[in-house]
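Have a look at the sequence and the model, then work through each solution one step at a time.

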Amino acid sequence: MPDRVHMEPYNHIPLPNYEVVPLRSEHIVVSAIQMRVDTIDCKNPKPEINKRINHISLLIDLAQERIPVDLICLPEFSLQGSSIRHWSREDFLRLAIELPGEETERLGEKAKEYNCYIEVAAYTKNKDWPNHFFNCSFIIGPNGNVIHHHWKAHMDPGGLEYATTVHDVLDQFVERYGWDAVWPVARTDIGNIATFICSEGFQQETARCFAFKGAEILIRSIAGGTTSGMPRVGNPRITMQAYCMANDVYGIYNNNAADSSTTIHRVEFHGSGHTAIFDNVGRIMQEADSNQECVVTDTIPIGSYRKRHSIPAIRKEIYVRAYADYVGKYPPNLYSEYLPKDHIDGVNYARRKARW
Amino acid sequence: MIEPYFAAICQAERVAVRSGGKIKENIKRNLDRYCNLIEYCCTGNLSLVPEYAIAGPVKLITFGEFSITGLYSPADPDTRRFTNKEIIKNLGILIPGEETAVLAGQAKKYGVYIAAANTEFDPEWPDFHFNTAFIINPQGKIILKYRKTLVNNPVEIACTAHDVMDRYVNPITKKLDPFPVVDTKIGRLACCICADLGSPEIPRIYAMKGSDVVMHLTSGNTYSAGGPRPIGATETLHRARAIDNSIYWINSNWGPEVGAMYPRARIAGYSKIYDYMGNLLAMAEGTDEMVIRARLDIETRRKATSLFYRNSLSQIRSEIIAPYYSKPIYPANTFLKGGPIDATLDKRQIGLFNEALDNLKKRQDFYSEEEV
């Protein structure tokens with residue numbers, strides 16, 4: 001019989017083979033808050049956003065009640081809800097928040113109170129990008145500051161949404177911030193975190209790019225879609241599970257709770273619930289057992305995981321050419337030339353510009 | 001400092017030892033197979049995958065209950081159930097003995113700990129047989145022996161420490177130590193066996209004694225037993241044992257048994273490993289022969305359980321619980337008083353169960369709503 005096989009060690013950088021900062025503890029506790037994302041009145045957004053922050057604060061208190069939670073996550077549209085088909089650009093610019101701004105400061109107080117990170121997905125704007133609005137995921141750190149943000153990278157402009165993505169202003173974006181900012185990973189003392197929103201995850205490259213850059217925890221804030229029967233893109237929860245498995249990363253799939261309002265959005269966000277936390281091989285660690293408001297909490301043994309986790313090992317060179325030769329449906333810099341006034345204007349503009 | 005390592009479960013196929021009446025040959029065939037599986041754990045293709053190589057070597061290998069000489073499964077041509085004397089003569093092995101020496105050879109060769117369980121004949125107790133779990137260390141030494149406590153009555157007639165309690169001495173620790181925990185280079189290990197799952201107290205005691213890993217060596221679980229528990233119940237119990245006691249829980253079950261009169265997959269399959277938070281780390285997805293493995297990180301477990309909210313034992317209010325365990329239920333020392341039980345479904349043994357039921361009845365303590 002052969003003895004144990006003795007192989008030469010790899011001549012590589014010792015693990016972790018990506019940039020990290022020291023961890024605050026071996027285990028971190030994460031909570032996904034499955035909350036309602038009732039749509040606010042776009043004509044007078046401030047008071048309703050404040051009400052939503054009050055509600056979020058209560059839910060954070062609830063999440064922190066039993067065990068110190070290191071990371072709190074919220075679903076997509078957590079501050080404003082959404083009415084994509086009915087809100088004009090003017091409306092979006094009125095209700096979008098600044099990063100940082102008074103809203104993030106209020107949430108920052110909660111982060112300071114509990115020494116935790118809070119991930120939020122909401123509509124934002126930025127003075128450096130006049131007239132643009134973004135569907136943005138961001139993280140507030142325990143110091144109360146916004147430590148990370150990422151604009152939703154994909155939403156089909158020919159049908160779904162017309163918030164600005166990086167691809168829509170690609171040249172300007174890269175010129176200002178560099179390529180590293182296209183797929184940002186937050187290096188925190190609870191692990192390397194990447195955030196993305198809903199339909200960004202329709203493309204598996206999103207998770208892959210974050211994993212290449214050393215993401216250890218993926219947060220996908222989403223609103224609806226879990227059981228909404230989107231046949232073309234499949235069930236986003238299943239894809240999230242697959243991303244965790246394929247990339248050896250932990251995943252938080254944070255959906256909204258059933259909408260109690262009587263607006264059209266109650267229908268629009270069908271497929272609420274099923275918020276889940278997946279482990280690094282894609283198994284369900286914890287999940288919501290209803291589509292009502294609830295907190296889904298579990299522990300990630302991040303220290304132990306980091307001791308052996310590596311970036312994905314793929315044979316890059318054979319894929320690069322295929323991606324280079326592929327012609328994407330929409331050209332980059334779509335919104336560098338023109339900013340649609342509203343949803344239908346955006347849809348028609350994108351369809352005119354589409355390459356196929 | 002204990003580096004993370006892999007534990008591997010060999011859900012081995014086994015020939016029913018009574019098959020064809022060739023007990024000795026069948027035992028040898030089974031041991032040969034286990035040697036192959038141990039070799040596979042340590043040198044097989046999984047240990048060549050870089051991700052696994054990074055993650056650490058296999059250092060602990062487990063087999064199921066009745067690993068070596070098998071259950072009493074009737075097999076052609078002899079379809080009777082064995083009596084106590086026949087079990088001692090045909091299935092009882094010395095631990096250590098020539099059979100365990102074969103496994104010890106592999107433990108030394110590959111530098112691994114091996115846990116298994118088998119029917120044991122102990123010359124100290126010539127009239128009895130035990131259902132014994134044992135651990136072999138990388139030096140080939142038997143470092144732990146645990147005798148099954150909740151024998152699967154009334155179809156199992158092994159002696160337990162409780163049946164001879166007043167005279168019982170654990171052969172390794174040389175004291176009355178029915179629940180031994182051994183400190184090793186890969187953490188503090190303990191074993192329980194199959195129907196012991198019915199006693200949440202056993203893993204609890206192990207956790208109190210500082211155990212990191214409890215190996216539950218079994219011949220049967222819900223999925224395939226067709227037994228009295230509803231589907232999924234056994235898995236729930238396994239998971240609860242891990243969560244309640246903040247321990248790694250390794251349920252090492254049989255693969256199929258070939259050559260018995262019973263169905264091959266009667267009590268086979270679905271071995272699993274849970275971490276100390278109750279996460280399922282690995283599961284054998286079926287009843288066939290397979291090896292599953294999971295990475296254990298003992299140091300991280302210890303750090304976690306040093307926090308009160310990660311260690312449910314810290315919630316135990318022992319003073320108000322202890323009195324309920326102080327009175328007898330199933331009578332002790334019955335083998336000392338009455339000798340061994342000769343055959344399964346024995347009237348005397350059934351009498352003992354009825355005595356336990358009577359004791360339970362006597363202990364009942366409640367008041368009527370009328371008194372309030």
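**Exercise 1: the fold of chain B**

In chain B, 71% of the contacts between residues at least 6 apart in sequence join residues at least 24 apart; two residues are in contact if their C-beta atoms, placed from the backbone, lie within 7 Å. This is a predicted model, where local features need pLDDT of at least 70, side-chain atom pairs count only at pLDDT 80 or more, and totals for chains, interfaces and linings use all residues. Residues are numbered from 1 along each chain as its sequence is written, while chains are lettered from A and ligands numbered from 1 in the order in which they are written.

Task: find what share of the 372 residues in chain B is buried.

Step 1. Recall the cut-offs: a residue is buried if 20 or more other C-beta atoms lie within 10 Å of its own, exposed if 12 or fewer, and partly exposed in between, with C-beta atoms placed from the backbone.

Step 2. Apply them: buried residues make up 45% of chain B.

**Exercise 2: one residue of chain A**

Task: decide whether Asn333(A) counts as buried, exposed or partly exposed.

Step 1. Locate Asn333(A): the loop between helix H9 (316–325) and helix H10 (334–337) of chain A holds this residue. Helices here are DSSP runs (H or I, at least four residues), numbered from the N terminus.

Step 2. Count: Asn333(A) has 15 C-beta neighbours inside 10 Å, so it is partly exposed.

Step 3. List its contacts: beyond four places in sequence, Asn333(A) meets Asp168(A), Val169(A), Leu170(A) and Asp171(A).

Step 4. Compare sequence and space: Asn333(A) and Glu90(A) lie 243 residues apart in sequence and 21 Å apart, C-alpha to C-alpha.

Terms used: Helices (H or I, at least four residues) and strands (E, at least two) are DSSP runs, numbered from the N terminus.
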